[in-house]
Amino acid sequence: MALLEAESITVQFGGIVALDELSFEMNEGEILGLIGPNGAGKTTMFNVLSRIYEPTSGRLTFDGEDLLEVKPWGIASRGIARSFQNLALFPTMTLLQNTMTGAHHHGHTGFARAMLRIGAGKEEERLKAEAYDILESLDLAQYAFRPAAGLPFGTLKRLELARALASHPRLLLLDEPAAGLTHAEVDELGDTIMRVRDEYGVTVLLVEHHMGMVMSISDRVVAMEFGRKIAEGLPREVQDNPQVIEAYLGTSA
């Protein structure tokens with residue numbers, strides 16, 4: 001059984017169809033690239049998976065559970081984490097503290113016990129240790145006790161990935177992680193995503209415009225245009241698909 005199944009997902013905003021019966025599956029442990037020109041509906045699909053948008057119709061299951069029955073605040077506890085196109089970090093907090101915020105739903109102390117500081121110390125130390133280990137695995141440990149403000153953009157992109165990993169996800173949604181990075185940083189990010197997949201055992205859904213990275217690290221690729229799927233398959237198959245070439249270049253070459 002596939003880990004994630006999207007079946008005929010349609011999203012309409014008034015008379016605008018943002019997603020038009022989009023269907024795809026993801027197997028556990030794979031990296032799936034979701035590509036398409038601007039306005040193809042990629043981020044809309046991410047927002048459906050995050051339960052930010054309610055689809056007009058369709059079916060969405062994660063590990064056999066109806067994801068459309070889950071409230072937005074319950075997504076993290078189901079094992080789904082995401083990054084955003086624009087950084088959503090806490091600039092005055094340290095990298096360690098930023099990473100720890102990703103594990104908020106893993107706390108076991110409870111509100112009353114936390115108010116009285118009963119068991120809170122041990123739990124905080126556990127979360128700190130886990131967060132530090134994640135930072136270390138992403139080569140960020142040297143910045144662990146520095147505030148996020150003022151650090152290089154590429155470093156902050158890795159920090160956002162660290163925070164997502166702190167939630168112990170089974171499915172990681174990466175929305176334009178290479179945006180704003182240099183060519184060297186993009187290559188490094190691609191290696192990091194593959195290492196994270198292997199080391200943490202996560203499944204990765206990747207939305208990205210940097211085709212070189214998508215095609216080099218994805219196991220399969222789904223191409224979209226105007227909310228519809230126009231191709232699906234191995235990276236090379238999708239890259240050579242006439243409809244995909246036409247969608248990007250305006251000609252079927």
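**Close-up views of a predicted model**

**Figure 1. Arg220 and Glu232 form a salt bridge.** In this predicted model, the closest N and O atoms of Arg220 and Glu232 are 2.7 Å apart, and the two residues form a salt bridge. Arg220 lies in strand S9 and Glu232 in strand S10, so the pair ties together parts that are twelve residues apart in sequence. How accessible is each partner? Arg220 is buried, with a relative accessible area of 17%. Glu232 is partly exposed, at 34%. For Arg220, the assignment rests on the cut-off: buried means under 20% relative accessible area.

**Figure 2. Glu232 belongs to a network of salt bridges.** Glu232 also forms a salt bridge with Lys229, with the closest N and O atoms 2.7 Å apart. Lys229 is partly exposed, at 33% relative accessibility. Which residues does the network link? Its members are Glu30, Arg220, Lys229 and Glu232. Side chains of opposite charge can pair when their charged atoms come close. Across the whole structure, a search finds 18 salt bridges.

**Figure 3. Arg197 and Asp198 meet in a salt bridge.** The N to O distance between these side chains is 2.7 Å. Is Arg197 buried or exposed? Arg197 counts as buried, at 15% relative accessibility. Asp198 is exposed, with a relative accessible area of 56%.

**Figure 4. Six strands form an open, mixed sheet.** The strand order is S6-S7-S8-S3-S9-S10. Which strands stand at the edges? Strand S6 (80-82) and strand S10 (228-233) do, each with a single partner strand, so one side of each is left without a neighbour in the sheet. From one strand to the next, the twist averages 20 degrees. Within this sheet, strand S3 (residues 31-35) and strand S8 (residues 203-207) pair in the parallel sense. Four bridges join S3 and S8. Ile31 has Val204 of S8 as its bridge partner.

Figure 5. The strands are S3, S6, strand S7 (171-175), S8 and strand S9 (220-225). H1 runs at about 145 degrees to S7. How many of the eight residues of helix H1 (residues 42-49) are buried? Seven are, so the helix is largely enclosed by the rest of the structure. The buried residues are Lys42, Thr44, Met45, Phe46, Asn47, Val48 and Leu49. Arg51 follows H1 and has a positive phi, near 70 degrees.

**Figure 6. Ser218 is buried in a loop.** Where does Ser218 lie? Ser218 sits in the loop between helix H7 (211-217) and S9. Its relative accessible area is 8%, and it is buried. A polar atom of the Ser218 side chain lies 2.8 Å from the backbone oxygen of Val214. Leaving aside neighbours within four places in sequence, which residues are in contact with Ser218? They are Ile31, Leu32, Gly33, Leu206 and Pro235.

**Figure 7. Four strands form an open, antiparallel sheet.** The order here is S2-S1-S4-S5. Strand S2 (16-26) and strand S5 (65-66) stand at the edges. Each has a single partner strand, so one side of each is left without a neighbour in the sheet. Strand S1 (residues 4-13) and S2 pair in the antiparallel sense over seven bridges. What is the bridge partner of Ala6 in S2? Phe24 is that partner.

**Figure 8. Phe13 and Tyr53 form an edge-to-face aromatic pair.** A pair of aromatic rings is described by the distance of the centres and the angle of the planes. The count of aromatic pairs comes to two. In the pair of Phe13 and Tyr53, the rings lie 5.3 Å centre to centre, with 75 degrees between the planes. Phe13 lies in strand S1, and Tyr53 in the loop between H1 and strand S4 (57-62), so the pair ties together parts that are 40 residues apart in sequence. Phe13 counts as partly exposed, at 40% relative accessibility. Tyr53 is partly exposed too, with a relative accessible area of 28%.

Methods:
Residues numbered from 1 in each chain as written. Predicted model: local features only at pLDDT ≥ 70, side-chain atom pairs only at ≥ 80, totals over all residues. Heavy atoms only, no water. Buried < 20%, exposed > 50% of the residue type's maximum accessible area, 1.4 Å probe, protein only. Helix = DSSP H or I, 4+ residues; strand = E, 2+ residues; numbered from the N terminus. Pairing = 2+ DSSP bridges. Axes fitted to C-alpha atoms, helices over the stretch in contact; angles between N-to-C directions. Contact = heavy atoms within 4.5 Å. Polar contact = N/O pair within 3.5 Å; in protein donor to acceptor, adjacent residues only side chain to side chain. Salt bridge = Lys/Arg side-chain N within 4 Å of Asp/Glu carboxyl O. Phe/Tyr/Trp six-rings, centres within 6.5 Å; stacked < 30°, edge-to-face > 60°.
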